[in-house]
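Colleague: I have some terms to check with you. Please go through them one by one.

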Amino acid sequence: MPDPDPLDALRDALGATPAPEARTPDCLDDDTVAALAAGTIDAAARVHALSHLATCPRCRHAVASVARALADPAVAREVAVAERGGRRLRYGVALSAAAGVLLLLVGPRLLDLGRPVHRAPPPTGAVPVPASPVGVVADADTLRWVAVPGADRYRVTLFDAPGAVLYETQLADTVAVLPDSLVLVPGRPYLWKVEARTGWDRWSPSELVEFSLAPLRGAPQ
Amino acid sequence: MDDWVAELRGGRPEAAWDLCLARYRRLIFSAIRHYAQDYDDVMDIFARVCEALRADDLRRLRCYVDQPDHRARFSTWLVTVVRHLTVDWFRHRDGRRRLSTVAARLPPLQRRIFEHVFLDRRSHVEAYELIRANGTSGLTFGEFLVELRATYAVVIDGRRGRVLRELAGPPPPLPPPEAADDGEPAERRELVQQLLGSLSAQDRVALELHIVEELPAEQIARVLGLPNAKAVYNRVHRALAVLRARLAQGGLQRHDV
Ligand SMILES: [Zn+2]
């Protein structure tokens, strides 16, 4: 009898798990499912949520389903528009020439179905910008970034190269002091990002930036 | 604060609803259309979503707004709620009736598989047992899997394919080795389940999302909090290598007995 490939056995075993079942009391709420799918959940809540996902096909399926929906370009576009407070960008690009002329005559409001009737403009898509450390640096005991107007809180996350979260904190300041217990190894790459809370339900993430400590030369001092 | 939230907090649910709908109507439609492509389905589900969100003076929206802290943005929370309502709609009266028209085009055995797996949400093994217990006792699990795969292929390719995949979960794995009909696969499956249980939660979720849900690595990275797709591949490959090694060991031990 031929020995089956262990990977086939794995696929077989994974695929044989029951179809999504009824909700249990431990199942994740919609806020958590959404935050996992969108990647906006904080590290502590993620650890808790992943331990449930590891054993619950129902919630795993829901998270995967919402992640796929959020990655659908049509949905992503509408999420982005909603996040901007209903204002669409580049009116002319998506419109026919005739509609463009009409737009000039009547203004954007009549054509823009998603636009709310009256509201103050929200903070525009401003994102925090990591200032230091970036690239090869002599030391890195603090993380600094450029403030975002209107942001009342920041969430900073530091990863190692394989992607494990080494440190995460939330604060109102634009400087996070890394704890002494965190030892960074010279020459090894690290990644960090900062998210700014710019609305009651809204976090704007920075780019992920990489840095490393300059390798030590000779003996210390 | 958003205008509709201010209206809601001010105790004016009707005004809050009008503003909320004006702002999120297109998002709601896009989320429904992600799952349902048939025009009539989309319109009926939209009505159902509005009804559910408006119930009890916007109870769902109030609960969300009143939470002291939010893990998700409102727009992504809304997509999640619409997803659940859409899937529920297809599971119940009207949606179920629409889906049962899909079954009418299938040959008899596949129609029964469709009803068990897609409409009644039985696991594949349960569906097999039910079909065998009802007059098809000669059907082997291997033959059943062939029919099951054929059923998936036909219905997931159709107009309601996306939501059907939502209802039934992932399609069955690739054809198993010829030994599918003896006792071995069940044993091996149990061994694999044990080994999976020994992985860290993050590794296990990475594997399941990658292999069973077939979620793209970039999206898995977001779920797991990894910086990029490459980190996901590293993690999956490492976990697979560990499983392979342990599975090979376990297999050897079993044969030695
Ligand atoms: Zn669950």
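Modeller: Start with the word pocket. A pocket is an open set of grid points with protein on both sides within 12 Å along at least five of seven lines, and its lining residues have an atom within 4 Å of a point. Keep in mind that this is a predicted model.

Colleague: Which residues lie nearest the centre of the second largest pocket?

Modeller: D30(A), R60(B), H84(B), L85(B) and D88(B) do, and they belong to a lining of 33 residues. The space comes to about 820 Å³.

Colleague: Which element gives the most to that lining?

Modeller: Helix 4 of chain B, with 9 residues. By class, the lining of the second largest pocket has 13 nonpolar, 4 polar and 16 charged residues.

Colleague: Why are helix 3 and helix 4 of chain B called oblique?

Modeller: Look at the angle. The two helices pack at about 125°, with their axes 10 Å apart. Roughly perpendicular covers 65 to 115, and roughly antiparallel starts over 145. Helix 3 and helix 4 of chain B are therefore oblique to each other. Their crossing is right-handed.

Colleague: What makes the contact between helix 3 and helix 4 of chain B?

Modeller: Heavy atoms within 4.5 Å count as contact. On the helix 3 side, the residues include I45(B), V49(B), L53(B), R60(B) and L61(B). On the helix 4 side, they include W77(B), L78(B), V81(B), L85(B) and W89(B). By class, this contact has 14 nonpolar, 1 polar and 4 charged residues.

Colleague: Why is the term oblique used for helix 3 of chain A and helix 12 of chain B?

Modeller: Helix 3 (residues 43-53) of chain A and helix 12 (residues 217-224) of chain B pack at about 120°, with axes 10 Å apart. They are therefore oblique to each other. R46(A), L50(A) and L53(A) contact R222(B), V223(B) and L224(B).

Colleague: What makes D56(B) worth a remark for its phi?

Modeller: Most residues other than glycine have a negative phi. D56(B) has a positive value, near 50°. D56(B) sits in helix 3 of chain B.

Colleague: How do you know that the bond joining S132(A) and P133(A) is cis?

Modeller: Check omega. Its value there is about 0°, and the peptide bond is cis. Most peptide bonds are trans. P133(A) lies in the loop between strand 1 (129-132) and strand 2 (135-137) of chain A.

Key. Residues numbered from 1 in each chain as written. Chains lettered and ligands numbered in written order. Predicted model: local features only at pLDDT ≥ 70, side-chain atom pairs only at ≥ 80, totals over all residues. Heavy atoms only, no water. 1 Å grid on protein atoms, 1.4 Å probe; cavity = no way out; pocket = protein on both sides within 12 Å on 5 of 7 lines; lining within 4 Å. Points joined across faces, edges and corners; volume = space filled by probe spheres on them. Helix = DSSP H or I, 4+ residues; strand = E, 2+ residues; numbered from the N terminus. Nonpolar A, V, L, I, M, F, W, Y, C, P; charged D, E, K, R; others polar. Axes fitted to C-alpha atoms, helices over the stretch in contact; angles between N-to-C directions. Parallel < 35°, antiparallel > 145°, perpendicular 65-115°, else oblique. Left-handed = near helix turned anticlockwise from the far one by under 90°.
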